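Please look over the sequence and the structure shown below, and then follow the sections in order.

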Amino acid sequence: MNSFVLLCACFISVAYSASLLGSEADWEAFKIKYGKRYEHHEDAYRKEIWRTNLQKIEEHNNAEKPPSYTLAMNELGDLTTIEYRLLLLGTRYRPDRRDNGTTYLPASNSFLPDKVDWRDKGYVTGVKNQKQCGSCWAFSTTGSLEGQHFKKTGKLVSLSEQNLVDCSGSYGNDGCEGGLMDDAFNYIKANGGIDTEASYPYKAKDGKCKFSKSNVGATCTGIHFLCFYLVL
């Protein structure tokens, strides 16, 4: 009898937890927090997408084998995977592009650690948010140059993605509609540098170029493509 009562209690607990996941109150709180407004028919559609993503987050964070990272809900939680990619993944690879970089093959007697966390070594600025703008290419560019600038000078300077969004169009980029890191680096090299984040803050939209040489935070003298091959 005691076993039966305990089993029933477990089922009730699981059912209760499941009912709380993605409740109407949670959905309303999500919309208020991120300023979401939908007409009635779309509201129901977005709510189901949000609940599906919330379920994926819960399953990942509570997996039997503890994950190396955890997930959390954010302002993108009511988007499908396709919508997310169309909105934020703006890197454009040209079919005529040729990689003429150096192929990296580690020396046979070299020792490489299993992993390196460059944050611990001071190479990485804080987490940034590109928001609803296809400027991932600009963030990739600044992140790379910030690390190299730190390696050379010992100073970690946050660089301006908005500078690239607004000013590198003549080098092949298209602001929030997409771009390529190569073209961004070529712009920085020819331009004599890129402004700091503090002097040219991110707006998540296309704007008029406001670059100022007096606010340059880093320069670029050249780029190299590294092609990696797995050596078994």
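Is C220 buried or exposed? In this predicted model, C220 is buried, since its relative accessible area is 9%.

## Disulfides in the model

A search of the whole structure finds two disulfides. When the bonded cysteines of the protein chain are numbered in sequence order, the pairing reads 1-3, 2-4. C136, by contrast, is in no disulfide, and the nearest cysteine sulfur, which belongs to C133, is 9.1 Å away. With a relative accessibility of 13%, C136 counts as buried, because the cut-off for a buried residue is under 20% relative accessible area.

## The link of C133 and C176

The link of C133 and C176 is left-handed, having -95 degrees about the S-S bond. C133 lies in the loop between β1 (102-104) and α5 (136-153), while C176 lies in the loop between α6 (161-167) and α7 (181-191), so this pair ties together parts that are 43 residues apart in sequence.

Both ends of this link can also be described by their accessibility. C133 is buried, with a relative accessible area of 1%, and C176, at 16% relative accessibility, counts as buried as well.

## The link of C167 and C209

Another disulfide joins C167 to C209, again with 2.0 Å from S to S. Here there are 100 degrees about the S-S bond, and the link of C167 and C209 is right-handed. The pair links distant parts of the chain, with C167 in helix α6 and C209 in the loop between β2 (194-195) and β3 (216-218), 42 residues apart.

C167 is buried, with a relative accessible area of 10%, whereas C209, at 41% relative accessibility, counts as partly exposed.

## How α2 meets α3

Two packed helices are described by the angle between their axes and the distance between the axes. For helix α2 (residues 24-34) and helix α3 (residues 40-61), the axes come within 11 Å and cross at roughly 100 degrees. The helices α2 and α3 are therefore roughly perpendicular to each other, as angles of 65 to 115 degrees are counted that way.

On the α2 side, E24, D26, W27, F30 and K31 take part in the contact, and they meet D43, R46, K47, W50 and R51 in α3. Sorted by class, the contact of α2 with α3 has three nonpolar, no polar and seven charged residues.

How values were computed
Residues numbered from 1 in each chain as written. Predicted model: local features only at pLDDT ≥ 70, side-chain atom pairs only at ≥ 80, totals over all residues. Heavy atoms only, no water. Disulfide = S-S within 2.5 Å. Helix = DSSP H or I, 4+ residues; strand = E, 2+ residues; numbered from the N terminus. Buried < 20%, exposed > 50% of the residue type's maximum accessible area, 1.4 Å probe, protein only. Axes fitted to C-alpha atoms, helices over the stretch in contact; angles between N-to-C directions. Parallel < 35°, antiparallel > 145°, perpendicular 65-115°, else oblique. Contact = heavy atoms within 4.5 Å. Nonpolar A, V, L, I, M, F, W, Y, C, P; charged D, E, K, R; others polar.
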